[in-house]
Amino acid sequence: MSTLFHLLRRCLDAVLYSSTWLAGAALGLMWATFLFWQVHIPARLGGLIFSATLFLYNLDSVLPYKQGQHPGLSKRKQWMQRHRRTLLVVALVAGLVAGALFLLDARLLRLTPFLLHLGLISVLYSMPLLKRQGRWWALRDLPLLKVFLIAYVWAGVTVWVPALYLGRELMEPVVWLLFLRRFLFILALAFVFDIRDHTKDQATGTRTFPGIFGIRTTKYIALGALAIAAALVPPGTPAGQGVALFLPIVAAALVIWFAEERRPDYYFALLTDGVMVLQFLAVWWATRGQAVGFR
């Protein structure tokens, strides 16, 4: 029994810390947008978002300056340092798959300028750009900026990209409301990771919401973002979807309220990211009678 438990835990660690779970969450959020419009999600587009997320997050985890950081008590960082070569291979393979899927889809090629700006933000988020006071600074190190960058890119990829793919205008009211709702939802969850990284960010001089306003105030700000998101129900939302969209908000509120820096890595990697998976499952359940899937 102990051997089986050890094997299952190793598999769970690999899924969580290789960003496979997170890539599934990104796919789920994009799929939820297509479900809202009752349109099949294109298989190539779904594969692209999954593989591109794998590529970007694993590329981030194998950056030399991150691998050189002391992992401390974090099981996640210890796992990443032990499996650096594996993560590098995953990043390279995922990048090649994403590139191939992109080049094979004429609709995506037309979106190149829009996708390029999201990709640049994603790559430069952790990439050392400027050396000041003896250390390298990336976009994420600018005061209070990193949670907004995360929310913007995730909302842009999972709402605006599907909208453009389907020929919709970004400023169309329903598209804008979906984007804003998704932005605030992701923003609230991003504050949880600021709480997780509170001590590390203080040590490196990164000024975040917990470091400036305190952890409790940060939780209130996150809950406020969730409350606004809950109120932004796009016009034309079926009654079943309205209830389904509210359930992940409640789950996210609980995760935020009980977030503490000392929580185990599973709390952040499994539960917090899992709220995004829950959002997809809730929308899928609400629309299950419409037979909307991959094509």
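1. K146 and D194 are both buried, where buried means under 20% relative accessible area, exposed over 50% and partly exposed in between (1.4 Å probe, protein chains only). For K146 the relative accessibility is 4%.

2. The model is a predicted one, in which local features need pLDDT of at least 70, side-chain atom pairs count only at pLDDT 80 or more, and totals for chains, interfaces and linings use all residues. Residues are numbered from 1 along each chain as its sequence is written, and side-chain values use heavy atoms, with hydrogens and water left out.

3. K146 and D194 form a salt bridge with the closest N and O atoms 3.1 Å apart; the term denotes a side-chain nitrogen of Lys or Arg within 4 Å of a carboxyl oxygen of Asp or Glu. Because K146 belongs to helix α9 (residues 146-165) and D194 to helix α10 (residues 173-196), the pair ties together parts 48 residues apart in sequence. Helices (H or I, at least four residues) and strands (E, at least two) are DSSP runs, numbered from the N terminus.

4. A salt bridge also joins D197 to K146, at 4.0 Å from N to O. D197 sits in the loop between α10 and α11 (198-204), 51 residues from K146 in helix α9. Both of these residues, D197 and K146, are buried.

5. D201 pairs with K146 in a salt bridge, its closest N and O atoms being 3.1 Å apart. Since D201 lies in helix α11 and K146 in helix α9, this contact connects parts 55 residues apart in sequence. D201 has a relative accessible area of 0% and is therefore buried.

6. How many salt bridges does the whole structure contain? The search finds 7. A network of salt bridges links K146, D194, R196, D197 and D201.
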